[in-house]
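Please open the model in your viewer and keep the selection tool at hand. The tour below goes from one selection to the next and says what is there.

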Amino acid sequence: MSSSPRFRFAPSPTGFFHVGGARTALYNWALAKRLGGTFVLRIEDTDEARNQPEWTQGIIDALSWIGIRQDDPTFEGPYFQSEYAQAHIDAANRLFEQGQAYYCDLTGEQVQERAKINGKQGYDGYSRDRGLEAAPGRVLRFRVPEGQTVVNDLVRGRVEFANEVIEDFVLLRGNGSPMFLLANVVDDITMRISHVVRAEEHLPNTPKQQMIWDALGQQSPVWAHVPVLVNEQRKKLSKRRDKVALEQFRDEGFLSEAMINYLMTLGWAPAGDVEIVPWSTVERDFRLEDVNHSPAFFDLKKLASFNGEYIRAMSVNEFIQASQPFLTGDNVPWTPAQFDEEKFRAMAPLAQTRLVVMSELPELVDFLFLDEPIIDEQSWSKTFSSADAVEMLNDAIAAFDTGLTWDHDSLKLCVEVAGLARGLKLGKAQAPIRVAITGRTIGPPLFEALELMGHDQVMRRLRAAVERLAGA
RNA sequence: GCCCCCAUCGUCUAGUGGCCUAGGACACCACCCUUUCAAGGUGGCGGCACGGGUUCGAAUCCCGUUGGGGGUGCCA
């Protein structure tokens, strides 16, 4: 009886992995790990019209990205709901034979009409005692008993539902296929699930499912309904309006550790005053009893902040490693031949503190690899609107060509002196050089970049800028 | 409409009757540092929805109000 707990995550494959689903999965995973239990993945693929086989791989990949790995002994599955259809139907037949379910030949429209006449919402139990047998077009409905159903929920406590407000819900469709409510319970029984941890939107389903567990002679599992994630309008996160695809966050350069950590702090907080904590802490301390009861806003800004923290927390080598996927491909303005690994490694620590997401990396370092910098017109016109700025370029060309030691300190001193001669502080004096070299007003530290690029390339760019100015 | 859930700074939260003059984080603002931008440092802004109880004492317990959310399918 007191065997190890079995949790489950039961997504339906609908195209991409929702961040809300990710959090639910993480909650289940943390618990399964800490309690020495099992995390069962069940793909609820019964809505055939909407399902695609490749989505399943997407779910497995997404789970793996957030640390829920198939090769971990805690992981079990995936199971496919569609393969258990017979068990669902057997269970339905059993309920029918036990008198706990009955067939009804009313169409959806007819049900609505009757509801209108009755002045009451929902199905009115019309066929309860008509003794109908199974036939095409007839749905099987659960016979909701009198009384009340009490759901004991680990996060919400005791929740009571009066059975009279629960209609005799459908178990089997007119075509004989099982509905979610039934299939879900039967699978949980089959897979010996002991803990159902899912989003709050399922709470109203729970009394119905608990009645099915009871009717099937099973002891219902431990329920836990965690609050939903909402957008700034405080509505449930929706695929249509909101950015919710885990894959998209991954591709934009959010670190999985940051995402995992952030997701865990939505509705729960680690002990003490720090919220950036390693997974080991989460696994050790996470408890459903401590989960908040209110919906949580999925705040992109805070996620970004977590991501920045995680990026900066990496060693330089780890950062270089993590950079690799963002240094090649279509999103990068340079060709593979132009890329210079050595220069990148030298620039990496300077780039590291300047990133919120990894995908911002190319624009920070592209000038190092391209023949010509990508000129941002606004930066250019703003910077070179003053005569001083133009002259600074000539000053720099002259000064850099005097055979000075080509390191960042000397270069800095050199520009400082030239600026002083024009009454410009270093901040002002370096601006035109920066734009001429990098094409932008903002970027990594300039003199370090100049040192890296070397005398010849720097001179070329400065002269090109002067020419461009003359032409304009 | 009906059912259910919820209610601490703008946001995420700590807080389980006295430690609360309510703590932290994000965001925002100011200052410092500074080679632009970041990062970092220091400081600031800002909250217990409201009304009744219970209690010597309430953010914490009870009731109501208001406000949010979820559900109400032959979707999952």
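Which helix gives the most residues to the surface near RNA strand B? Select helix 10, which gives the most, with 4 residues; here a residue is near a strand if one of its heavy atoms lies within 4 Å of it, and helices (H or I, at least four residues) and strands (E, at least two) are DSSP runs, numbered from the N terminus.

Before going further, note that this is a predicted model, in which local features need pLDDT of at least 70 and side-chain atom pairs count only at pLDDT 80 or more, while totals for chains, interfaces and linings use all residues. Residues are numbered from 1 along each chain as its sequence is written, chains are lettered from A and ligands numbered from 1 in the order in which they are written, and side-chain values use heavy atoms, with hydrogens and water left out. If you colour chain A by pLDDT, the predictor's confidence in each residue from 0 to 100, the average is 94, and 98% of the residues score at least 70. The model scores ipTM 0.96 and pTM 0.94.

**Around the RNA**

Now select the 62 residues around RNA strand B, of which Q121, R156, R173, E275 and R354 come nearest. Of the atoms of RNA strand B that come within 4 Å of the protein, sugar and phosphate account for 70%. By class, this surface has 21 nonpolar, 19 polar and 22 charged residues, where Ala, Val, Leu, Ile, Met, Phe, Trp, Tyr, Cys and Pro count as nonpolar, Asp, Glu, Lys and Arg as charged, and the others, Gly among them, as polar.

Next, look at individual polar contacts, each a pair of N or O atoms within 3.5 Å. At P445, by contrast, a backbone N or O atom lies 3.1 Å from a base oxygen of RNA strand B.

Move on to the open sheet of 3 strands, whose order is 4-5-8 with antiparallel pairing; two strands pair if DSSP finds at least two bridges between them. Its edge strands, each pairing on one side only, are strand 4 (101-104) and strand 8 (170-172). Between strand 4 and strand 5 there are 4 bridges, and C104 stands opposite V139 in strand 5.

**Two backbone details**

Finally, select G77 and P78, which are joined by a cis peptide bond with omega of about 5°; P78 has its place in strand 3 (residues 75-80). Then select R192, in the loop between helix 5 (180-190) and strand 9 (195-199), where phi is near 50°, a positive value in a residue other than glycine. Most residues other than glycine have a negative phi, and most peptide bonds are trans.

Conventions. A polar contact is a pair of N or O atoms within 3.5 Å; within protein, one must be able to donate a hydrogen and the other to accept it, and residues adjacent in sequence count only if both atoms are side-chain atoms.
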